[in-house]
Amino acid sequence: MAQKKEIDWKDAFDVVDNFSHIIVDNGTQKGKKITKDQVKAILAIEGAQLESLQGGTTVEPTLLVAPGTLEYRWSKASPGEYKFGSEPNMVATTGSEWIIEWIGGVPSLKDMGELPIAPPTPVNGVVAIGNKNAVPGEEVYNKTALKSHGKNYVDYTALKDEFYVNDETGELSPNSSYKATEKFIEIKPSTAYMLDKVVRLAYYSAPNVESFISGIFQEINTPTEKTSPAGAKYIRLSGSSSFSEMYLGLASEYTGFVPYEKVLEPDVKAQAITNELKDEILGGTAKLVKSTGKNRINPQTFTPEHFVNAITGVLDFNKNYKASDFIYVGDLVDYTISPLIRHIAKYSEANEASFISGVENPSSNTVIRDGENYVRLSFLNTDYWLQLESGNVVTSFEPYRDAVLLENKDNIQIELPTGIKKENELLVPAVGTVYVLPSLPYFLYFKNAFISDYGFEDIKIFDAHCNSGRFMSKKFKLMLNSGDIDELFLRGYQYGNQLVNKRILIRTANITSGDGITRKVLFLGDSTIYHAVIVDHFKEYFDANGMKVEMLGVRQTPSGTKHEGRSGAKIKEYFQEPTAAGISNPFLNPGSSRFDFTYYLGATGQTMGANDWFMFQLGINDLYPIADSRNITQARNLVKEMIEQLNYIIDSVKTVNADIRIGISMTIPPAAEQDATAILLSSGGIQNKSAYEKMGLKTWWSELLREFESRVSEKIYLVPSNLFLDTENNFQTSDLPIDNYNTNLVKTQIDDVHPSTAGYKQMSDLYIGIVKYFG
């Protein structure tokens with residue numbers, strides 16, 4: 001009997017366009033059956049877009065199938081009805097763009113806004129000027145029309161019912177008597193606007209709640225002129241639910257009420273900045289010297305956790321992405337981007353209103369310019385060495401170099417030193433908003449603000465600008481009055497190149513804020529809390545103030561101030577261990593073996609309510625092993641675990657009351673001198689405090705900012721203890737001889753993790769400022 005010929009498996013399959021199941025060879029020549037949905041789940045990349053969906057009808061809705069992972073996924077969705085399990089149909093209406101988001105394996109339908117107005121069909125290649133849908137002077141109509149508005153900025157049909165804009169926080173708060181603009185409306189600072197039928201408004205410097213500047217609570221029933229504050233670029237409004245209209249528009253254009261309407265604006269091309277133009281603008285005193293580098297992508301201007309929507313040209317939230325600012329390409333014929341971008345959007349000007357078109361997941365690195373003067377790009381967070389250059393060939397990576405203005409000089413070559421290359425080597429671990437008191441001293445220290453892998457000395461020039469303060473040699477002194485709001489900008493330069501530009505909003509508490517109120521405050525921490533000064537100083541301030549605090553905890557200082565500090569404690573010990581630093585952990589529920597705040601309060605007979613404070617000051621003991629190992633991978637793994645455990649603890653606290661405020665201390669840097677590490681750890685001798693700071697703390701600070709800075713609406717706040725602590729003069733010291741033969745005494749730091757009394761009070765002042773601010 002002839003032997004049966006063995007099948008070559010790769011030749012045994014046909015190529016098809018679609019399938020319900022396929023058979024795969026797993027290397028054993030035994031077939032396996034796998035469904036299309038399983039294939040999609042296997043091939044899905046975290047945060048990636050799934051294939052588009054077509055809506056069904058009420059009778060036969062499109063059935064949604066979970067993607068097979070609890071990670072975030074999304075799909076474009078056309079108008080129609082969708083159904084998941086036994087849940088009611090989800091309806092995507094016509095006239096809007098829709099996506100379906102999968103969060104934790106559960107779908108939700110999200111309205112991405114109205115579809116753009118299609119431009120009119122030209123007659124003989126021309127659209128008459130004056131047509132409300134026309135683009136004056138434009139004879140090409142294959143581009144997306146530009147959306148804008150008429151005199152009235154408020155689309156009354158898009159208001160959010162039963163919410164008002166909180167004039168004290170900028171947040172939207174529920175109230176059935178109101179309706180509010182959910183979207184941030186773009187305005188100009190220091191400009192007169194006419195308002196009508198408005199109750200409560202809030203100004204912002206950016207389109208998010210965290211950038212809230214100020215608000216107004218006034219019932220405006222007749223046309224009333226208001227001037228926007230300096231720095232205000234966005235506004236949100238609310239009005240009575242009984243109103244049938246609302247008005248916001250330039251006072252200079254006001255001729256009476258007109259309803260909101262969409263119009264198309266002229267397609268004005270951006271003018272290239274030339275030396276001649278700069279001469280004209282600056283009176284002949286300066287020249288623009290373009291960067292000598294080929295790379296046009298500046299990673300310092302990225303917007304984290306966002307991608308550029310290739311359909312609308314706006315930035316949308318997605319924690320897996322990062323998006324560039326507007327990049328000028330108007331002088332190029334074609335350009336190349338590497339690595340492959342995830343999204344590209346093209347614009348005629350450096351604004352979203354001039355959006356032309358976009359592409360998702362382009363198949364080529366090379367882009368042929370087609371009328372755009374600017375582009376915005378988005379990449380995955382894991383994409384590095386990003387470059388946009390002229391031409392159609394990908395060349396070796398080169399760091400971005402800024403163009404600079406130089407007085408009366410041409411052709412200046414600016415060379416970037418070899419020290420700083422990668423975008424993530426420099427970090428400014430600064431929170432976006434700092435809350436202070438006018439009566440307390442606050443100094444921001446530059447050494448703590450610029451963290452480079454190569455050392456602070458690599459940042460050759462520092463610039464700190466704030467109208468309310470003093471720029472000193474090593475620090476910036478804040479000088480604000482009660483209720484003041486100002487901006488502090490931190491900039492670092494190296495050989496003419498601006499490496500970083502960080503904006504910090506400074507909010508000053510009103511000296512009478514919270515008077516007559518008592519807030520409960522619990523400090524959870526390590527030895528920096530146990531050493532008493534922070535909590536004692538905090539309580540002493542409020543004992544003498546019109547606002548009072550009730551301190552919670554089962555431990556107390558010698559003066560009787562309650563707290564939950566334990567020397568040597570770690571986050572993971574409070575999270576899951578029966579003891580923290582060898583001392584009983586009262587937060588551990590023995591039934592679940594996890595942190596349980598409800599259990600803790602019940603077992604200790606304490607209570608907390610809305611707007612009370614839970615302060616979290618930990619991280620030193622978790623990360624200090626990096627001083628020994630010098631291992632960045634270990635640091636990243638530790639930080640990932642710490643963030644997960646901290647989120648669990650916060651969720652547990654919020655289970656008691658969602659309005660409890662959370663203050664998270666940005667863990668303090670070590671003392672300035674390595675001597676302090678050597679003396680404190682005399683039994684060791686190999687610990688490197690720079691490794692602890694530049695690998696451990698830098699990774700931790702970066703993740704704290706990424707995870708929590710945008711969660712102010714949840715009443716979670718980062719407290720910048722790391723920036724306002726003098727690591728040179730306010731750590732513990734002793735007078736010691738220079739060496740065995742030279743007995744002259746010099747003041748020497750002897751402890752690299754425990755500040756002196758003065759240092760602890762600097763940290764405590766930040767807690768006082770934020771509690772007093774919110775009252």
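**How many salt bridges?**

How many salt bridges does the count come to? The count is 18. A salt bridge here is a side-chain nitrogen of Lys or Arg within 4 Å of a carboxyl oxygen of Asp or Glu.

This is a predicted model: local features need pLDDT of at least 70, side-chain atom pairs count only at pLDDT 80 or more, and totals for chains, interfaces and linings use all residues. Residues are numbered from 1 along each chain as its sequence is written, and side-chain values use heavy atoms, leaving out hydrogens and water.

Lys-539 bridges to Asp-543, with the closest N and O atoms 3.1 Å apart. The two sit four residues apart in helix α5 (residues 533–543), so about one helical turn separates them. Helices (H or I, at least four residues) and strands (E, at least two) are DSSP runs, numbered from the N terminus.

Glu-182 and Lys-160 also form a salt bridge, at 3.8 Å between the closest N and O atoms. This pair links distant parts of the chain: Glu-182 lies in the loop between β10 (172–180) and β11 (185–186), and Lys-160 in strand β9 (residues 160–165). Glu-714 meets Arg-711 at 3.1 Å, N to O. Glu-714 is partly exposed at 37% relative accessible area, but Arg-711 is buried at 13%. Buried means under 20% relative accessible area, exposed over 50%, and partly exposed in between (1.4 Å probe, protein chains only).

**The cores**

The largest nonpolar core has 99 residues. Such a core is a set of buried Ala, Val, Leu, Ile, Met, Phe, Trp, Tyr and Cys residues joined through side-chain atoms within 4.5 Å. Helix α13 gives the largest share, nine residues. Trp-700 is among the residues with the most contacts inside this core. Its neighbours include Ile-571, Leu-618 and Met-642; contact means heavy atoms within 4.5 Å. A second, separate core has 23 residues, including Val-154 and Tyr-203.

**Helix α13**

Helix α13 (residues 757–774) has 18 residues, and 15 of them are buried. From first C-alpha to last, α13 reaches 26 Å, close to the 26 Å expected. The expected span is 1.5 Å times one less than the number of residues. Just after α13, Gly-775 takes a positive phi of about 65°.

Three strands form an open antiparallel sheet in the order β15-β12-β17. Strands pair if DSSP finds at least two bridges between them. β12 (residues 192–196) and β17 share four bridges. Tyr-193 stands opposite Leu-250 in β17.

Conventions: Lists of a residue's contacts leave out its neighbours within four places in sequence.
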